[in-house]
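Please study the structure before reading each solution.

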Amino acid sequence: MLDRYDAIEFDTITYMASSGGLGCPDATARISYYGNNGYPHLVFNGTTLIVGAGPDAVDGSQYDPIVQGQLDDASPMRLVITDHSFVDQTVALDVILVQDLPDIAQTRLRIALIEDDCVYGGTSYDNVLRDILPDVPLTVDQAGQVQQVGETFALDPGWDTANL
């Protein structure tokens, strides 16, 4: 799939199980949240779950209708990373609303640190979840408003910051 879509169209996060060498507590929590009961287990936009795969899953073609069906869905917000530092272990970003949101009471921003080129068992994996920062409540609800967010995080010495 990643060879057919760019990061503007399609982003992935790989939640590795703790039974492997690339798991983390946040990945275990997400796997539990989504009720993972088999592999592969894919979740599109947090709502469309696919468990298991046919022979065409290797090239991702069986998932194309799901991705194509969601490509034109406009997001009500734009996220812009304005600064980050692996030395200071900080990230700053702006949440820019492009349309009004009627109810933000349960809306949270979840910042994920992911790493590419993580090698385990002789296989290289991309988009591997390393950490999810604490949820940040959304405080803006009208188009044009901007919420500035600044968060800190802890780096594991085993992570390659060039691949984060």
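**Exercise 1.** How many aromatic pairs does the structure hold?

*Solution.* This is a predicted model, in which local features need pLDDT of at least 70, side-chain atom pairs count only at pLDDT 80 or more, and totals for chains, interfaces and linings use all residues. Residues are numbered from 1 along each chain as its sequence is written, and side-chain values use heavy atoms, with hydrogens and water left out. Rings of Phe, Tyr and Trp (its six-membered ring) pair if their centres lie within 6.5 Å; planes under 30 degrees apart count as stacked, over 60 as edge-to-face and the rest as tilted. The structure holds 3 such pairs. Among them is the edge-to-face pair of Tyr33 and Tyr34, with 5.0 Å from centre to centre and 80° between the planes.

**Exercise 2.** Is Tyr34 buried or exposed?

*Solution.* Buried means under 20% relative accessible area, exposed over 50%, and partly exposed in between (1.4 Å probe, protein chains only). Tyr34 has 18% relative accessibility, so this residue counts as buried.

**Exercise 3.** Which parts of the chain does the pair of Phe86 and Phe153 link?

*Solution.* Phe86 and Phe153 form an edge-to-face pair, at 6.3 Å centre to centre and 70° between the planes. Phe86 lies in the loop between β3 (77–85) and β4 (90–97), and Phe153 in the segment after β11 (146–152); the pair thus links distant parts of the chain, 67 residues apart. Strands (E, at least two residues) are DSSP runs, numbered from the N terminus. Phe86 is partly exposed at 24%, whereas Phe153 is buried at 8%.

Conventions:
Helix = DSSP H or I, 4+ residues; strand = E, 2+ residues; numbered from the N terminus.
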